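Here are a few notes to read alongside the model, for someone opening it for the first time.

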Amino acid sequence: MDVVLELKGITKRFPGVVANDRVDLDLRRGEIHAVLGENGAGKSTIMKIVSGLYSPDEGTILLEGRPVRFAGPREAITAGIGMVHQHFMLIPVMTVAENIVLGREPARGLALDVRRAREDVRQLSARYGLEIDPDRLVGELSVGLQQRVEILKAFYRGANILILDEPTAMLTPQEARELFRIMRELARSGVSIFFISHKLDEVMEVADRVSVMRQGRRVATLPAAETSPEQLAELMVGRSVLLRVERGEHRPGEPVLAVEGLGRAARGGRAALADISFEVRAGEIFGLAGVEGNGQQELVEVLAGLLKPDRGTVRLGGVDVTGRSPRQLFEMGVAYIPPDRQAEGLVLDLTVAENLALKDYYRAPLARRGLIDVKRLAERARALVVEYDVRPANPAAVARTLSGGNQQKVILGREVSSSPRLLIAAQPTRGLDVGAIEFVHRRLLALRDSGAAVLLSSLELDEILSLADRIGVMYKGRLVAVLDADEATRERVGLLMTGATAAAPAGAGTAAAGAGAEEVRRP
Amino acid sequence: MTSTRATAVLVPVLSVLLSFLVGGVIVVISGHDPLAAYVALLQGAFGSVFNLANTLTVAVPLMLAGLGVAFTFRAGLFNIGAEGQYWLGSIAAAWVGYAVHGLPVWVHLPLALLAGTLAGALWAALIPGVLKAWTGAHEVITTMMMSYIAINLARYLIEGGPMMAPGYTPQSPAVLPTATLPALVPGTQLSWGLVLAVLAAVAVWFVLYRTTFGFEVRAAGLNGRAARYAGMNVARIIVLAMFVSGALAGLAGAVQTLGVNHRLFDAFNAGYGYTAIVVALLGKNNPWGVLAAAVLFGALNAGASAMQMQAGVPAHLVDVVQGMIIFFIAVDGIIRSVLRRTRKEAAQA
């Protein structure tokens, strides 16, 4: 296989950091080359250099053996390098065809030649096996199909090198599998693909070669067939990591949280909830699975006291707590880790110590008669920072200066140290790297083993499958199934997430999954 | 930590220096000697006890109202209606000061001050605060409209209204001696209000950094959503923060009325409430910063006439410098980036 793209000694500095440090990387024709690394390892930077968004401070890029310099993304696209960003750059109110030709429209006089655009798109999708209806509005498509439009957009501009930036982040397992099938087909037809990811199993599944980045350097490039997830994780983090935290025996106690007939109409841009009933017992983790936007977050916020339900009751240890405020629930032993740590979980411009006190600053031992005991607050923060391994271990540091993983540790420390009866954790590992995920998982399990009830809502199915004792699946605002961990397989839960009924046999799943996934429309 | 703290001080200081530099260029263009102008300005502001007292006299209401504005900034609110709250405070203090008879000083004076403080507080909290907290009505609009109402209310009261003193001048009767803030420096207008302003700065610092309410204000001001998620009652914080802010602006009006003007009149010294916004911004919403910024604006004001008399530079140049300060605060991003670059170069050299 010949090399289409070669990066030699690429260095990129930003104020205070070297984002890429003498990185060598090559892409062969028709290969899927995964670029793996934790957040901040420099994988996005190097791909932004390849796609012309950044220019390197040092080093050269060879395209088909010839040195190139891109002054901007436009030049990279002209040279045949197309990037599909994690967040799509599509216009929802325009059709598929219009989106694809946008910027390079076939014209008839001053008007868009709609027929030719449609024809071009049809040909393109036939050539690459990317089926799509050119006349559908993009806003009506599932995320998986929108991504397909992004890929077609790149091909329409003549790309033969494709960069996919965390392409599975928004997809269901079925959609991800479909994407991998497409990627393999594209590679077979001669397209070369850089696949950016921090998910080990995906990389193992689809890549031909894997390059691992750590702290701006490329630390290894290995054929996927000759490596293992354990080895990759170790290369990424720089130490050995437990990929799957051991989960002890499930010994459920009394129900802590009991939800009955909970309902809430869709309003204010929030999804509806309909007739939700379930229990979470002491000493168990109840996992809430679902495709984003199917009501999990609304359910979680109702339980945290942030949204008011229209119908139904929420009981905590037998006491009706429906409609109580976040403060009242906190005082009854409910802790909540919100999904967006920067917007909801932390006050980024306060110190770590102040963020650790964000919930109980008003009561003893931190405060008395409205006065804060600054010494106590700092003392407790010093202890928590050590206990929860926040780095730097400096309670006076401003929260904004911490990495995402350490910010999450601050939230985890705050919520778990309040010894809650019920911990509601909404996407507690979103955007974290392998090492930090392991830490969060351990803490959740430790809390469960100490007899607390944990409600874990996550878009990462693997996370739910590895941690939860029981799994509830949400679809269109309903809790469509509750499964025990040992009867929950990836396929079965994945199918339920797309609205298939619980009765569907697990074996028939794969074939139906692709079609099922496409029908899901997200708001 | 130290470098960010140093930057926090350095940026406003550089803003001021740059403003003077640009002002100097304008002096040159207008055919005067900038050095002479600024020397005159400095002397006019600080050159004697009398001049210094004048500077501080202007600074006192700016300190108090500036602290009020800074407090709402800390809560993530933009109370630009300090002017109206200042007027309400003046009205209430003046009325208690001249209409209530037969009280000893130690009751009458605190009562008049309290009346002004409370009037300003309620003017800010009851309508703008409550509307913001429960309907989301933007406080910039509501506080501004309340200002117009307050200013015109004051005019009505003393221009033929119930508070007008006998005669033809639009002013209230003079406050009684028992309600007068005594002079701090005899023979000047500087009253004990200065002490009140410094105490207020200490109090604001204490509330912000040592009380649970201050913690709530800072948290809600920086991230209201996280504050709500953490169980704080953000609506209550909004109303209380507006109350405190209005109280300080009202106290500014009361101090000015009881210590300097000794009556309510339709004065040219209006506008403290607006300048207070700039004072808060320049002081970076920090209590000590607000005190320093208020002294600067007091100095500009007090030194302007000296500059005109001694160097022949129009006193309006001071307005230009003030405008420039506002400009350079608004673009402090530029100053920050210049600082960053020089530091980087210094590090490389």
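1. Which residues touch the most other members of the largest nonpolar core? Val493(A), Leu64(B) and Ile325(B) do, in a core of 160 residues. Keep in mind as you look that this is a predicted model. As background, nonpolar side chains in soluble globular proteins tend to be buried together.

2. Let's stay with Val493(A) for a moment. Leaving out residues up to four places away in sequence, Val493(A) touches Ala289(A), Leu461(A), Leu465(A), Val473(A), Leu483(A) and Ala488(A). There is also a second, separate core of 54 residues, and Val121(A), Phe180(A), Ile182(A) and Leu232(A) are among its members.

3. On confidence, the predictor gives the complex an ipTM of 0.86 and a pTM of 0.78. For chain B, the mean pLDDT is 89, with 93% of its residues at 70 or more.

4. Now for the layout of chain A. Where they meet, 18 residues of domain 1 are in contact with 22 residues of domain 2.

5. Buried residues in α6(A) include Pro173(A), Leu179(A), Phe180(A), Ile182(A), Met183(A) and Leu186(A). Of these, Phe180(A) and Ile182(A) also belong to the second core. Just after the helix, Gly190(A) has a positive phi of about 105°.

6. Salt bridges next: how many does a search of the whole structure find? Over all chains, the count is 42. One of them joins the side chains of Asp21(A) and Arg217(A), at 2.9 Å from N to O. This pair links distant parts of the chain, with Asp21(A) in strand β2 (residues 17-28) and Arg217(A) in strand β12 (residues 217-223), 196 residues apart.

7. Arg116(A) bridges to Asp120(A), with the closest N and O atoms 4.0 Å apart. Both are in helix α4 (residues 114-128) of chain A, and they are about one helical turn apart because 4 residues separate them. Arg116(A) is partly exposed, at 45% relative accessibility. The other pair is Glu249(A) with Arg251(A), at 3.8 Å between the closest N and O atoms. Here Glu249(A) is exposed at 59%, and Arg251(A) is exposed too, at 60%.

8. Salt bridges also form a network, which links Arg148(A), Glu178(A), Arg181(A) and Glu185(A).

9. Last, have a look at Lys12(A), in strand β1 (residues 3-14) of chain A. Is this lysine buried or exposed? Lys12(A) is buried, with a relative accessible area of 11%. Apart from neighbours within four places in sequence, its contacts include Val17(A), Val18(A), Thr45(A), Ile49(A), Tyr54(A), Pro56(A) and Asp57(A).

Note on methods: Residues are numbered from 1 along each chain as its sequence is written. Chains are lettered from A and ligands numbered from 1 in the order in which they are written. This is a predicted model: local features need pLDDT of at least 70, side-chain atom pairs count only at pLDDT 80 or more; totals for chains, interfaces and linings use all residues. Side-chain values use heavy atoms; hydrogens and water are left out. Helices (H or I, at least four residues) and strands (E, at least two) are DSSP runs, numbered from the N terminus. Buried means under 20% relative accessible area, exposed over 50%, partly exposed in between (1.4 Å probe, protein chains only). pLDDT is the predictor's confidence in each residue, from 0 to 100. A nonpolar core is a set of buried Ala, Val, Leu, Ile, Met, Phe, Trp, Tyr and Cys residues joined through side-chain atoms within 4.5 Å. Contact means heavy atoms within 4.5 Å.
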